[in-house]
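Reader: Hey, can you walk me through this one? I'd like the overall build and the ligand site.

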Amino acid sequence: MKSLFLDIIMENQNHYDFIICGGGASGLILAQIFGNDPYFDNKKVLILEKEIKSQNDRTWSFWEEKNSVWDSITHKAWKTAEFKAAQFSKKIDLNPFQYKMIRGEDFYKKLHENLEKKSNITFLKEEVTSIDDEGEEVRVLGKKNFYLAKKVFTSIPPSDHLREKEKYPLLHQHFIGWFVETENPIFDPETLQFMDFDLPQKGNTRFIYVLPFSKNKALVEYTLFSANLLENKEYEEAILEYLNKKNAGEIVIQDREQGSIPMTAYPFWNKNTPNKMHIGTAGGWTKSSTGFTFQKTIRKAKETASFLKTGKPLNQVKQKNRFWFYDLLFLDVLSKHNEKGHLLFSLMFKKNSPELIFKFLDEKTTFKEELKIMLSFPVGLFVNALWKRIF
Ligand SMILES: Cc1cc2nc3c(=O)[nH]c(=O)nc-3n(C[C@H](O)[C@H](O)[C@H](O)COP(=O)(O)OP(=O)(O)OC[C@H]3O[C@@H](n4cnc5c(N)ncnc54)[C@H](O)[C@@H]3O)c2cc1C
């Protein structure tokens, strides 16, 4: 009897309206949207995160128009970008957009500070081991305790999430970046290097990406869109080669970052249940044709919060749209002709204004505009991919 009584008390204490598993980018952004919306003021929200996220474990870059809530923690913003390939290069005025960079450390600090002010939102350091939608409620098991909620959102990467590789080709945006200080002033601090394909492609899509902070300080990344990761040595040798080619002189590596972001049209949302939803990269919130995730996460988190108000089951959130299909075709082509990436991106930048390209990648274009972008590519490659998807 005593044990039953204790069980009931425990269950009440551990009972929440919403649990967010994973307090990284998507988990914190979703929590922030709950925190800013009075509708959620009387909802108990729990965030479970296995690590203390206070370090600069990554930097997020994204484009947006003019000012936003991120400006207070924007490390640097650029108004001009450069696209470069062997056969074509272009300096791009990003107006009306700005390309902004946020350091992970500043992002975590700001969001934690905001969330700490909300008495209905609790943050716990806990490693989640299982999440079971039991119909009436969802049971989340952690290494320290168990927790119950009406709805659960998880950004924890599922172990089996990319099983259907045959049906949905899987590439990665993978890279190593060095934060360098160079002896010579080789960078233009006003212009970011969006993609520099003017280097050996070795049968893949390979480019250098540079975020310059001053004439001799920058983040320089060697990036691939391809199926297989490289040995660390290969990324680093390529960065060194690029810097030497630019006559950097002596180089001091102040910090480094490394990542591998899945690029796949796999419908992650098929794993959602009425009360459990995958979010972030684990929920398909990464733009699969580019690996950009930050802005899409903000948009998707807002849509999710609005959807919650309808009271409908979470597996009814509509995720597939025509942009998903464009990304699927693009990935079909890029995985089959990985060596043609530089050509596809060159054509896109040559034949379209940057404003249209960014609007398209933000999934805000009209069908007519999308047709214009699609016609910039070699039609045969895409017709072939389309044919295979249809038949
Ligand atoms: C180095 C790097 C740089 C990137 N740069 C950009 C960029 O410039 N622009 C852009 O748009 N995208 C970028 N991305 C892609 C994407 O924006 C990030 O990966 C983003 O962090 C994804 O958000 P998420 O919430 O899905 O995952 P995460 O931010 O990784 O959050 C998942 C969280 O779950 C926690 N977790 C995992 N397992 C458990 C568990 N069992 N229990 C509890 N917690 C758990 C993790 O500790 C983590 O905090 C980058 C990615 C990397 C790796």
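Author: Here is a quick tour, starting with the overall build and ending at the ligand. This is a predicted model, where local features need pLDDT of at least 70, side-chain atom pairs count only at pLDDT 80 or more, and totals for chains, interfaces and linings use all residues. Residues are numbered from 1 along each chain as its sequence is written.

Reader: On to sheets. What's the strand order in the open sheet of seven?

Author: The order is 6-5-13-14-15-12-16, with mixed pairing; two strands pair if DSSP finds at least two bridges between them. Strand 6 (88-93) and strand 16 sit at the edges with a single partner strand each, so one side of each has no neighbour in the sheet.

Reader: How many bridges join strand 14 to strand 15?

Author: Nine, linking residues 205-214 with 217-226, and the two strands run antiparallel. Ile208 has Tyr222 in strand 15 as its bridge partner.

Reader: What about the open sheet of three strands, which order is that?

Author: That one goes 3-7-4 with antiparallel pairing. Strand 3 and strand 4 (74-78) are the edge strands, each pairing on one side only. Strand 3 and strand 7 (residues 97-103) share seven bridges, and Trp60 stands opposite Ile102 in strand 7.

Reader: OK, ligand time. Which residues come nearest?

Author: Gly22, Gly24, Gly259, Gly280 and Thr293, out of 30 residues around the ligand; a residue counts as near if its C-beta atom, placed from the backbone, lies within 6 Å. Strand 3 gives the largest share of that shell, four residues.

Reader: Why does the shell lie between two domains?

Author: Domain 1 (2-53 + 105-162 + 266-316) and domain 2 (171-263) both contribute residues to the shell, so it lies between them. The domain bounds come from an automatic or database domain assignment.
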